[in-house]
Amino acid sequence: MAPGASSTIIGLLGGGQLGRMLCEAANPLGMEIAVLDTKDCPAKQVHQSKHHVTGSFKDPLAIRELAAHSDYLTVEIEHVDTQVLEEVAKEGVEITLDDGSTIMHRPPIHPSYETLRLIQDKFLQKEHFSKSGLPVAKQVSIPEGSDSILSLKTVLGTFGFPFMLKARKGSYDGRGNYKVAGEEDFGPALEALKGATLYAEKWVPFKMELAVMVVRTEDDEGNLKRCVAYPAVETIHEDSICTKVYMPPRGVSQATCEKARELATAVISTLSGRGVYAVEMFVLSDGSLMVNEVAPRPHNSGHYTIEAVPQMSQYQAQLHAVLDLDMPEKLVPKVKSALMLNILGGALPTSHHKVVRLARSTFDTDTAVYLHLYGKESKPGRKIGHITITGDGSIEELQQKAKPFIQMIDEIRQERLDVANGITEPEPDDKPATEAKPSKKQKQIQAAELNQSSAPAGDSGSTTKSSEEPEKSDKPAPVTRGQSAAQVNGYTSASKPLVLVTMGSDSDLPVLKAGLDILKKFNVPYALDITSAHRTPKYMMKVADEAAGKGIKVIIAAAGGAAHLPGMMSSETPLPVIGVPVKATHMDGLDSLLSIVQMPRGVPTATVGINNSTNAALLAIRILGSFMPEYQDKMKDYQRDMEEAVIEKGTKLREGGDVKYLAGM
């Protein structure tokens, strides 16, 4: 206990949403936390202390001031000044006693400054785990001051395409990472990461991502006492930000989940310092596991523990670990399933109000909905809250009941992307987040929606993110002619359009609208362009040639009359091309259909029915689903919904007869 203090004080560097939830866990326990951050940060909004410090958690003087008032120091973000923490740990800070004398005060720091320094450098972090015999992706450092292009060519000879070029420090939420798919990416990648110390990492194709929270305890001499792991969870990342967490993971065996917990425990046992750690990992195609990265603090993937493991959430565990208090032998959830949905700022400051209203007005007998808002101003893509839904059934059953929430969260994201790309204008939500009590009829409608089936969601990619960092403020610029969406400022490899939808003339756009609606429904990012095979042949060939290197996976091309566009695009790209024959003035579109179908051998071009852009979009999604599980899951759900709709119609016809059925049509 620090001299003059009436109770033990934990000093916290950083007062964002993680600090806020740590303070919320401390309040009922009567624990005091002194927060170093801005005056109105989320943590200080919910916890009072005369020892709060206003300033930056990277400011050495502010850190020393916090240390002087604290019995222990911990962090809610790893990007802090480890040099001053080392000085505090070794030398202490001078404080004045009541009698006027001074002493050097050395509050224990957890996790240790050595661990924080190691985690800050992603290259050294993985080198450390590799030397400990833990599975990580292969990587090579890029020497500072070297010929960068030559270095990347050397990496190419080692890893081949694609590979990840990364900043060793300061990367978060997809920043500091660049997927290099071809030599044409060398220049843009180096420009995007200019000024950073770099390393390259072998591309890791994986089936899904898991995360495990681990509580590490040690004695005052730094000797490991034990590591206790929470259950493994599945994490979904979109635009390089964690958006959904499933407990337990969907479609993953108990044996794999247990191996994930064992691997996470092994990883954290190699570090130093007490506290809660997150271990993010990949499930590879052969079922093996690979460590992605570690966060030395509470984490987005552990938010669900507040309600699912109420006897010891990750935040209470952080308090107990730092103070070396008793911990349970096992961390067992009190519910069978839990789903966490991040609330990210939408296109407008009010975009999230509708999901907040839904959370505040949804009640069910075997599920529970918990809303957490962080007291932060809404900005596009910013983490401003989360919703946890728990249930007594399987994770698949819970996912089905959570369908209205999942769809609403996905709609907010899609609108944000569409507005950023100049595709649509935002729709204001003038209703307040808090409304008057809903009517009985409204409750009945909400209850019915809650019990509808849900579309699964997932994600794949490579090692591109850390989930808990400061929010992005840069908005992508609109897509313009001659500029593919993959080139738009602010885009990362995970947020690039996957489908290019192009047409020979803007008169084809009304035909494509149905297909675009399908892509939006499935939350597939897409880019739009006009590439006439006859009027702009050079531009059309350039777009087709560059599409694969810019992250596009499928091309949908609509054309009428001679309809040469789909075939010409197919001749210039290795990507699958789906042609949409457009009904023109003559021959009812048959000329367009036959032109696309009759491509010579060696230039395959898929073709759908005349004006049937819906099937073109669905086929594109099926192609994506062959290597991106989330789209395959959504397609299964789409097919299931169609089946249920037909069965419902058949039942209605059989029971009511043709006269009544026709009258209702």
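Leaving aside neighbours within four places in sequence, leucine 519 is in contact (heavy atoms within 4.5 Å) with Val499, Val501, Val524, Tyr526, Ala617 and Ile621. The model is predicted: local features need pLDDT of at least 70 and side-chain atom pairs pLDDT 80 or more, while totals for chains, interfaces and linings use all residues. Residues are numbered from 1 along each chain as its sequence is written, and side-chain values use heavy atoms, without hydrogens and water.

Leu519 also belongs to the largest nonpolar core, a group of 29 residues in which Val499, Leu519, Val524 and Ile556 touch the most other members. Such a core is a set of buried Ala, Val, Leu, Ile, Met, Phe, Trp, Tyr and Cys residues joined through side-chain atoms within 4.5 Å; buried means under 20% relative accessible area, with a 1.4 Å probe and protein chains only. Helix 20 (613–625) is among the elements that supply at least two residues each, and its 6 residues are the largest share. Apart from this core lies another, of 27 residues, including Leu271. In soluble globular proteins, nonpolar side chains tend to be buried together.

Arginine 216 sits in strand 11 (residues 208–218); helices (H or I, at least four residues) and strands (E, at least two) are DSSP runs numbered from the N terminus. Arginine 216 counts as buried because its relative accessibility is 3%.

Key: Buried means under 20% relative accessible area, exposed over 50%, partly exposed in between (1.4 Å probe, protein chains only).
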